[in-house]
Amino acid sequence: MTTQNSNGHEKTFEVKVGLADMLRGGVIMDVTNADQAKIAEDAGAASVMALERVPADIRKEGGVARMSRIQVLEEIMKSVEIPVMAKVRIGHFVEAQILEALGVDFIDESEVLTPADEENHIDKHPFKVPFVCGCRNLGEALRRIGEGAAMMRTKGEAGTGNVVEAVRHMRSVQGEMRRIQSMDRTELMKTAKDMGAPYDLVLYVHEHGKLPVPNFAAGGVATPADAAMMMQLGAETVFVGSGIFKAGSDIKVMAERHKVQGALAAAIVRAVTHFNDPDEVLAAQRDQAAVMAGLDVRSMAEEEKLASRGW
Amino acid sequence: MLVGVLALQGDYGTHAQALRDIGIEAVEVRRPEDAGFMNPKAPRYARKEGSTPGSSLMKQRDHKIALKPAPDGLILPGGESSTIDLLGRRYGLDFLMGAFAASGKTLFGTCAGAIWLGKGQHHKVTPLGLVDVDVERNAYGRQVDSFIAPIEINGLDSPFEAVFIRAPKFTRIGPDVEVLAEYNGDPVLVRQRNIWLATFHPERTADRRLHQLIFGQM
């Protein structure tokens, strides 16, 4: 974790990556209110991501998706003891300043919200609060880390309940890291140029065979089996977005619905903790009483895909 | 020498690496059996729906769980203490901790691990009470209040860079507990016989002297 940043923020960066590492192996769940946050915490989530609408609803309802209302964030922060994350629009550094002032523990500069800047992402180094960003490939991951992100996640295709894009992005990052690791040192500068990635970070990957920050999976994880698969593919943990609280949404009685969602949340935690143990994943899969309906990513128009936001 | 690292959630990978760096073999512990301990009180599937005791699935499963060698020491890493408490009890690891503490083997809890092994009243965590200290969670504030500071540790001849991440505080120290390091007047490293607790993260820097101090002399 001794990656050198040209801006001289190494020490702050270590503290930021420190929290990211504390979340390893622990599931991070999207929640839209305090009730859901408590269900997530009781199920064993290591953190919650607070947002106004889960990606599946953002996708359905359209409009501009922004940072959550402050009152909602405050309620969620008061209701749980685990770290609370919140999303800002790509490039919207003032939303990020507000969330830092509010005291959220992690900021997700997220393609799920409507981008505020189509050219630039936030310069994340000056912030004390750590950032997580999405990526589809290694070059994108290293650009975000170069800007100061302390955690990466695959973009996947949020709100679809379809894990195919998360798998594609995770395989892409892992494959490119293996390729760089086996390269001759002489080839690294051209690789950095081709990938549009900072040279020092390409060098780090060459020497260590991994990113200088944890790499989590996100975007379409809906079942315990999906979560365990992402872990076996090399994710250090998973974000579950719409997967939990869109499941069982046809159940009218709130207490019943919460019970089903809590069981699914606990099942995903179980599958992540014991991702390499098929008997445990089997038991987790059995615990799952409902699953969200999925979308076929292939039938989606390119402009409907959230993953293509940001570069 | 073999040291187990509780691997339910959190910074277990970095602790395992720290152990390997000083020539100690590390094993990840996710269930009591991983540390050579058959848990008699909580057969894991006994009360789970769909796999009642005596069902073919359970028999098959019990037959499959292999007891691994018992490690000489155990680390409880930082992470989310409520998650570690919940999962730890779900898998019967609370019994393992009790047995380990009683056996006289070395236990080292950092941050969330210290919260779990200590005492105190928490909303979401029921500490195991194996060390006579009260611990307050997130005592320094939220993540923006996390920091790195040098501390003096009894037994080390020069300062140690301590990384505090959403760190807890020891608010009461029992009579049998020795304070080995302080920061701003607050104890941050304590020892009760075979159990060591730190509120900071010694695994976060390349300095392995604390792991060496605790496990190197076993």
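I'll start with one pair: the side chains of R142(B) and D105(A) form a salt bridge, 2.7 Å from N to O. Keep in mind that this is a predicted model.

That pair is one of six salt bridges counted between chain B and chain A. Counting polar contacts between the two chains gives 16 residue pairs, with both residues at pLDDT 80 or more. On the side of chain B that touches chain A, α2 (56–64), α3 (81–90) and β6 (147–151) each supply at least two residues. The largest share comes from α3(B), with five residues. By class, that side of chain B has 11 nonpolar, 12 polar and 17 charged residues.

Now the extent of the interface. In contact are 40 residues of chain B and 43 residues of chain A. The area buried between the chains is about 3,500 Å², and 50% of it is on carbon and sulfur atoms. Within chain B, the residues that lose the most area to chain A are R142(B), Q143(B) and V144(B), together 18% of what that side buries. So much for the interface.

Next, a helix pair within chain A. Helix α12, residues 254–273, packs with helix α13, residues 278–287, at an angle of about 170 degrees, and their axes are 8 Å apart. Angles over 145 degrees count as roughly antiparallel, so α12(A) and α13(A) are roughly antiparallel to each other. From α12(A), the contact uses A263(A), A267(A), R270(A) and A271(A). From α13(A), it uses E280(A), V281(A), A283(A), A284(A) and D287(A). Sorted by class, this contact has six nonpolar, no polar and three charged residues.

Conventions. Residues are numbered from 1 along each chain as its sequence is written. Chains are lettered from A and ligands numbered from 1 in the order in which they are written. This is a predicted model: local features need pLDDT of at least 70, side-chain atom pairs count only at pLDDT 80 or more; totals for chains, interfaces and linings use all residues. Side-chain values use heavy atoms; hydrogens and water are left out. Contact means heavy atoms within 4.5 Å. Buried area is the accessible area (1.4 Å probe) that two parts lose on being put together, summed over both. A salt bridge is a side-chain nitrogen of Lys or Arg within 4 Å of a carboxyl oxygen of Asp or Glu. A polar contact is a pair of N or O atoms within 3.5 Å; within protein, one must be able to donate a hydrogen and the other to accept it, and residues adjacent in sequence count only if both atoms are side-chain atoms. Helices (H or I, at least four residues) and strands (E, at least two) are DSSP runs, numbered from the N terminus. Ala, Val, Leu, Ile, Met, Phe, Trp, Tyr, Cys and Pro count as nonpolar, Asp, Glu, Lys and Arg as charged, and the others, Gly among them, as polar. Axes are lines fitted to C-alpha atoms, for helices over the stretch in contact, and angles run from 0 to 180 degrees between N-to-C directions. Angles under 35 degrees count as roughly parallel, over 145 as roughly antiparallel, 65 to 115 as roughly perpendicular and the rest as oblique.
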